[in-house]
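Please keep the coordinates open while you go through them.

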Amino acid sequence: MKQKKTGSTFFRCSVCGYSQPRWLGRCPACGEWNSFEETAEPADTGKAFSGEPARAVPLSAVEAGSGIRMATGIRELDVVLGGGAMRRSAVLFGGEPGIGKSTLLLQAAASASMPDKKDGASRILYVSGEESPGQIKSRAERLSTDSGKIELLCTYLLADINKALDEINPAFVIIDSIQTIFSPQAGTVPGTINQLKFCAQELISWVKERDAVLFLVAHVTKDGSIAGPKTLEHMVDTVISFERSGDDVRFLRAYKNRFGSVDELGIFQMTEKGLVTVEDPSSIFITRREDRLPPGIAVAPVFEGSRVFLVEIQALTVSAKSSVTRVFSDKIESARVSRIAAVLEKRAGVQFSDQDIYVNVAGGVRLTESAVDLALAAALYSARTDISVPEATSFIGEISLAGEVRPVSKLKQRIKAAESLGFSRIAAPEKAESCIEIKNIKDMIKMLIEKADIKHG
Ligand code: TYD
Ligand code: MG
């Protein structure tokens, strides 16, 4: 066993990367024996923070600035980021394998419009630790992207990346994925949390110091556990994530954003030409039908961030097979479905207590707004009675336990969205043009029966 003297050198655990000035027989961080090795500098090199020492300034003397943003050229991505990616910021981009992260970032790299950095540089570096240059080239060809501006580096070694960063001095850096990047300075085992943190910190330091934008791709497992990448969330400025909705629709959301809201939803469709922005989300969330609507379907305008679109709520009720009835609904909280069914039963005498209830939302969007209560009530009532909702009708309103329909936020925008898509009859708790005023759940039922194309006895 080698006992080392202390001095200007450091000792680092080769398993977890823990470092300290003295040699130890057992690592206090990971418990490994005999794992300490002598190195020249501590794990936290602190080199990114070299230069002028920081000095406090009076807040009143600071000029407000919105910062310089880089448009990725992909509208949905720019909106979710808060109006493009902020310079000197790091974005963690999570999603399960195969969902389209590499595709989106290659498209972003090709379409990004880079305001020149302070030093005039505007190059783009795409680092892949997972794929070969040939694979990336064939993806770029498939996407018909203009790859002229993109410098490609296929490596998993942090040292290679650092070298390329200094040589190329890019304004936009993509690391695909951070889980594949390795530095011997952070231990000999690849893929540890310590590797992840160490490599991410080095890269983040570089972009902060050099006025660039960094995207770190992180694979997240199917059950949504991001145990590894989660530890990076506090180190980055923005965390965005891709979710699957149906086969080819992808939702992009921000979970943390120092430079924008986290309410915006980006919607894409995966096509054979890559990810395409969905211009009119209602087109994927409502089904156009030639004939009368089947029973159990009602449409509502909903807000996601600053955007309103129409969604179709579908309900089905069947006699319960056992004495315990159940609600199957994963796009609208089951408790909300049960509550609306209970209100319909108590305030309008429509029996649900012996029924199993199934609720779905076309397109797979998850609805949390209480403004969809009235549409949900209409879908449930229609499903239970077989009376179809009349054509071109949409519903807006929250429902109280007493069965009253309450006003909701941004009513005017919702009405406008519904009208623009040809929903000329709008059931809402307000008297306005093109609205049928619905004060309570009985009004809604009355309207459904009166306007129904085919009346049931
Ligand atoms: P990819 O971007 O490699 O996913 P990730 O980086 O998140 O693992 O996307 C992989 C899937 O996307 C793959 O199954 C093929 C599909 N795809 C298309 O459908 N169209 C395309 O134009 C491209 C490039 C990929
Ligand atoms: Mg990939």
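This is a predicted model: local features need pLDDT of at least 70, side-chain atom pairs count only at pLDDT 80 or more; totals for chains, interfaces and linings use all residues.

1. I began with the pair formed by helix α8, which spans residues 334-348, and α9, whose axes come within 10 Å and cross at roughly 65 degrees. Because angles of 65 to 115 degrees count as roughly perpendicular, α8 is described as roughly perpendicular to α9, and the crossing of the two is right-handed. On the α8 side the contact involves Arg336, Val337, Ile340, Ala341 and Leu344, which meet Asp373, Leu376, Ala377, Leu380 and Tyr381 of α9. Sorted by class, the residues of this contact comprise eight nonpolar, no polar and two charged.

2. Helix α9, residues 373-385, also packs with helix α11, residues 441-451, and here the axes come within 11 Å and cross at roughly 55 degrees. That angle makes α9 oblique to α11, while the handedness of the crossing is again given as right-handed. From α9 the contact draws on Leu374, Ala377, Ala378 and Tyr381, and from α11 on Ile441, Met444, Ile445, Leu448 and Ile449. By class these residues are nine nonpolar, no polar and no charged.

3. Which residues are closest to ligand 1? The ligand is surrounded by 16 residues, of which Gly98, Lys101, Ser102, Thr103 and Thr271 are the closest. Among the polar contacts, a side-chain atom of Ser102 lies 2.6 Å from an oxygen atom of ligand 1.

4. Two backbone features deserve a look in the loops. The peptide bond from Asp176 to Ser177 is cis, with omega near 0 degrees, and Ser177 is found in the loop between β9 (172-176) and α5 (193-209). Separately, Asn34, in the loop between β2 (19-20) and β3 (36-39), has a phi near 55 degrees, a positive value in a residue other than glycine. For context, most residues other than glycine have a negative phi, and most peptide bonds are trans.

Methods
Residues are numbered from 1 along each chain as its sequence is written. Chains are lettered from A and ligands numbered from 1 in the order in which they are written. Side-chain values use heavy atoms; hydrogens and water are left out. Axes are lines fitted to C-alpha atoms, for helices over the stretch in contact, and angles run from 0 to 180 degrees between N-to-C directions. Helices (H or I, at least four residues) and strands (E, at least two) are DSSP runs, numbered from the N terminus. Angles under 35 degrees count as roughly parallel, over 145 as roughly antiparallel, 65 to 115 as roughly perpendicular and the rest as oblique. A crossing is left-handed if the near helix is turned anticlockwise from the far one by less than a right angle, and right-handed if clockwise. Contact means heavy atoms within 4.5 Å. Ala, Val, Leu, Ile, Met, Phe, Trp, Tyr, Cys and Pro count as nonpolar, Asp, Glu, Lys and Arg as charged, and the others, Gly among them, as polar. A residue is near a molecule or strand if one of its heavy atoms lies within 4 Å of it. A polar contact is a pair of N or O atoms within 3.5 Å; within protein, one must be able to donate a hydrogen and the other to accept it, and residues adjacent in sequence count only if both atoms are side-chain atoms.
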